[in-house]
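Hi,

Here is the structure I promised to pass on. Have a look at it first, and then read my notes below.

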Amino acid sequence: MPEVPQNAGYLVAAYVVTAVILLGYTFSLYRRSSKG
Amino acid sequence: MSLLHRGRWITLLGLALLAGVYVRALAFTPVERLQGPAQKIYYLHVPAAIWAETAMVLVGLGSIFYLFLKDRRLDRFAAASAEVGTVFAAIVLTTGPIWGKPIWGTWWTWDARLTSTLLLFFLYIGYLLLRGAVRDPALGARYAAVLGICGMCLVPFIHLSVYLFRTLHPQPIILKPSAPSLPGSMLATWLFSLGVFTLLYVGFVTQRYALSLLWEERNGA
C-alpha cells in the first residue's frame, strides 16, 4: 500500500491564505462603512 | 436594523461558521490516501470557485435586467456581486496553485480551466476598474453592464472546459450528471463549506450594496 503523502504544509498555507483574504475583505468593508 | 448592519451580522456569522468548517475539515474529515492532507484544500477551493462563477452569472443577469429596466438597484447589486466575486476568484487562484504544487508538481499550467478562471478574474478587475474610470455614473453602469454580460457568457465555458479540452485539472466529482463520488463524511464537510461560502456571499453583497446606497445618498447621485 503506498504511503500517504506528507504535504500538510500546503494545506495550512491554503487555509491561512483563505482566512487572510476573507478577513481582509471584511475589514475593508468595515473601514469603508466607518469612513462613510 | 439597517441593511449595512444586517450584512455585517450575516458576515460575522459566516466567519464564525468558517472556523467550524476549518475544525471539521482538519480534525473530523478523513485524509485522502493518494493526495494526503493537501486534498483538504478542496473544501475551500471548490465552494469559492462555485461562488466566484455564480457571482459573475448574477452580475450578468443583473446587468441584462438593468439595461432593460434602468432600475439602479440592479446595477448596485451587479457592482456588489462583482466585487465579492473578485474576492472569491482570488481565493480560487491562490488555493488552486497551492494544491497543484504537491499534487501536479507545478504551481501553474496554462490549461483551459486555469486560464479561463484567470480570465474570469481579469474580467472582474476590468469591470471594477471600468466602473471607477467613467465619470458619468449612468454611462459607467451601462459600459460595466456590457462587460458583466460578457463575463456571464464565460462561466459555462469555464465549467465545461475540463470536458471540452485535455486538461490537467480534475473533472468535477460533485457537480456532474451522475451521483457525487465522495465518501459521506467528505461530502458533508464540503456541503457545510458550500453553505458557509453562500452565507459569506450574501453577507458581503448586502454590505457592499448598502455601502453603494450610502455613497449615493452622500453624493446626491
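**How helix 1 of chain B sits**

Helix 1 of chain B passes helix 6 of chain B in a left-handed crossing. By class, that contact has 16 nonpolar, 8 polar and 3 charged residues. The axes of helix 1 and helix 6 of chain B come within 8 Å and cross at roughly 160°, so the two helices are roughly antiparallel to each other. Bear in mind that this is a predicted model.

Helix 1 of chain B covers residues 3–27, and its 25 residues reach 36 Å from the first C-alpha to the last, close to the 36 Å expected at 1.5 Å a residue. Which of its residues are buried? They are B:Leu4, B:Gly7, B:Arg8, B:Thr11, B:Gly14, B:Leu18, B:Val21 and B:Ala25. An α-helix has 3.6 residues a turn, so residues three or four places apart point the same way; keep that in mind as you read down the list. What do the buried residues of helix 1 of chain B pack against? Their partners are helix 1 (8–35) of chain A together with helix 2 (42–69) and helix 6 (184–219) of chain B.

Chain A comes to 1 helix and 0 strands. Its C-alpha atoms fill a box of roughly 60 × 10 × 5 Å along the principal axes, and buried residues make up 25% of the 36 residues in chain A.

Between the chains, 20 residues of chain A are in contact with 31 residues of chain B. On the chain A side, the residues that touch chain B divide into 13 nonpolar, 6 polar and 1 charged.

Part of this involves the two helices numbered 1. Helix 1 of chain A and helix 1 of chain B pack at an angle of about 165°, with their axes 12 Å apart. That angle is over 145 degrees, which makes helix 1 of chain A roughly antiparallel to helix 1 of chain B. Their crossing is left-handed. From helix 1 of chain A, the contact uses A:Tyr15, A:Leu22, A:Thr26 and A:Ser33, and from helix 1 of chain B it uses B:Leu4, B:Thr11, B:Leu15, B:Leu18 and B:Tyr22. Sorted by class, the residues of this contact are 6 nonpolar, 3 polar and no charged.

**Helix 2 against helix 5 in chain B**

Helix 2 and helix 5 of chain B pack at an angle of about 140°, with their axes 7 Å apart, and are therefore oblique to each other. Helix 2 of chain B passes helix 5 of chain B in a left-handed crossing. Helix 2 of chain B contributes residues including B:Glu53, B:Met56, B:Gly60 and B:Ile64, while helix 5 of chain B brings in, among them, B:Ala141, B:Ala145, B:Gly148 and B:Met152. The class count for the contact of helix 2 with helix 5 of chain B is 12 nonpolar, 5 polar and 2 charged residues.

**Helix 3 and its ends**

Helix 3 of chain B runs over residues 72–104; its 33 residues reach 46 Å from first C-alpha to last, close to the 48 Å expected at 1.5 Å a residue. Is helix 3 of chain B enclosed or open? It is largely enclosed by the rest of the structure, because 25 of its 33 residues are buried.

Two backbone angles are worth a look here. Just after helix 3 of chain B, B:Gly105 takes a positive phi of about 90°. B:Lys70 is in the loop between helix 2 and helix 3 of chain B, and its phi is near 55°, a positive value in a residue other than glycine. Most residues other than glycine have a negative phi. B:Lys70 counts as exposed because it has 12 C-beta neighbours inside 10 Å.

B:Arg131 lies in helix 4 (residues 112–133) of chain B. With 19 other C-beta atoms within 10 Å, B:Arg131 is partly exposed; the cut-off for buried is 20 or more. Leaving aside neighbours within four places in sequence, B:Arg131 is in contact with B:Ala79, B:Gly140 and B:Ala144.

B:Pro156 lies in helix 5 (residues 137–164) of chain B and counts as exposed, with 11 C-beta neighbours inside 10 Å. B:Pro156 and B:Arg218 are 62 residues apart in sequence and 39 Å apart in space, C-alpha to C-alpha.

Cheers

Key. Residues are numbered from 1 along each chain as its sequence is written. Chains are lettered from A and ligands numbered from 1 in the order in which they are written. This is a predicted model: local features need pLDDT of at least 70, side-chain atom pairs count only at pLDDT 80 or more; totals for chains, interfaces and linings use all residues. Helices (H or I, at least four residues) and strands (E, at least two) are DSSP runs, numbered from the N terminus. The expected span of a helix is 1.5 Å times one less than its number of residues. Two residues are in contact if their C-beta atoms, placed from the backbone, lie within 7 Å. Ala, Val, Leu, Ile, Met, Phe, Trp, Tyr, Cys and Pro count as nonpolar, Asp, Glu, Lys and Arg as charged, and the others, Gly among them, as polar. Axes are lines fitted to C-alpha atoms, for helices over the stretch in contact, and angles run from 0 to 180 degrees between N-to-C directions. Angles under 35 degrees count as roughly parallel, over 145 as roughly antiparallel, 65 to 115 as roughly perpendicular and the rest as oblique. A crossing is left-handed if the near helix is turned anticlockwise from the far one by less than a right angle, and right-handed if clockwise.
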